[in-house]
Amino acid sequence: MHRTELTTQRGRVDTPRRKMFTVAVLAALVAVVVSGCTGPSATPTGLACTHYNNVSCFYFVSGNTAVACEIDVKKDLCSNTKGDYYSYSSVRNSTYLCRRHDTCRETENVDPPVSCEQTASYDDLVDEGEAWRVVGRQQSENTTSGPVTVSFVSSSSSEVSIEWSAELKVDARVVSPVVLAGVQAGVDRSVTESVTAAVGNTFTLELAAGKTAHGVYGVKMQVTSGRLRTTQPCHGGSKDHGRVKTYLPISPGWCVWVSGDVPCATIPSPSAPR
């Protein structure tokens with residue numbers, strides 16, 4: 001059993017020489033105690049804490065957030081709270097509940113009181129139609145006096161994944177699955193996490209005389225806007241990112257239009273794949 005304690009010494013009447021000696025000893029003891037408090041740190045799961053004697057790291061929980069203890073080396077292992085607090089032991093890789101402030105016996109083993117796992121939500125969704133993530137472009141002009149058959153054949157490939165604004169700095173490993181599930185459920189599209197646009201995909205059409213056919217090859221994407229929120233319990237709590245536009249893959253292929261028609265909608269850069 002490891003035990004962390006803070007101790008004080010009761011004074012007594014001494015001669016001047018004894019007093020001087022006692023003060024010197026106490027100063028040395030305080031120096032040892034202060035040197036044992038190594039300051040702000042974190043548990044392996046990211047919970048903020050204050051190390052003491054390079055063994056125990058103390059913190060308490062406020063609003064589902066870990067707060068590092070402020071250690072009063074004279075009387076209190078966690079002076080910035082009046083309630084229970086926690087000790088993480090690096091020797092045993094365990095967390096203990098501490099009830100007294102002058103000592104923590106580290107006998108009451110508990111699970112970490114706060115999870116550092118980041119979460120996200122994406123809701124209040126609006127269907128904004130479809131657009132293309134372009135992998136390649138081609139065009140063909142009919143300079144004859146009659147209709148001709150033209151073909152577009154893709155010559156490049158690319159894997160296209162869920163996208164959002166390049167300015168949005170979030171963890172894709174957390175946000176992408178949440179966005180995918182939200183759009184699948186709320187917008188009712190056959191979206192997926194990623195789609196590969198491959199070489200050799202062909203599109204053929206009959207083109208009238210004097211017309212030009214324009215084609216973009218890539219992945220058709222579902223465009224959705226919604227409110228994105230992320231929560232990082234150990235690093236700043238919750239953040240509302242406001243309304244965020246996302247692009248989710250549907251299928252690869254060609255989108256072709258003829259001169260005079262409305263061009264296919266494409267996704268502007270920079271909405272880089274994530």
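There are 4 disulfides in this model, counting a disulfide as a pair of cysteine sulfur atoms within 2.5 Å. Heads-up: the model is predicted, so local features need pLDDT of at least 70 and side-chain atom pairs count only at pLDDT 80 or more, while totals for chains, interfaces and linings use all residues. Residues are numbered from 1 along each chain as its sequence is written, and side-chain values use heavy atoms, with hydrogens and water left out.

**Exercise 1.** Find the handedness of the link between Cys49 and Cys57, and decide whether the two residues are buried or exposed.

*Solution.* Start with the sulfurs: Cys49 and Cys57 are joined at an S to S distance of 2.0 Å. Next, take the angle about the S-S bond, which is 85 degrees and makes this link right-handed. Finally, check burial (buried is under 20% relative accessible area, exposed over 50%, partly exposed in between, with a 1.4 Å probe and protein chains only). Cys49 and Cys57 are both buried.

**Exercise 2.** Work out the handedness of the Cys69 and Cys78 link, then explain why Cys69 counts as buried.

*Solution.* The sulfur atoms of Cys69 and Cys78 sit 2.0 Å apart, forming a disulfide. The angle about their S-S bond is -80 degrees, giving a left-handed link. Cys69 counts as buried because its relative accessibility is 3%.

**Exercise 3.** Do the handedness step for Cys98 and Cys104, and say why Cys104 is buried.

*Solution.* Cys98 bonds to Cys104, S to S 2.0 Å. With -70 degrees about the S-S bond, the link is left-handed. Cys104 is buried because its relative accessible area is 2%; for Cys98, buried as well, that area is 1%.
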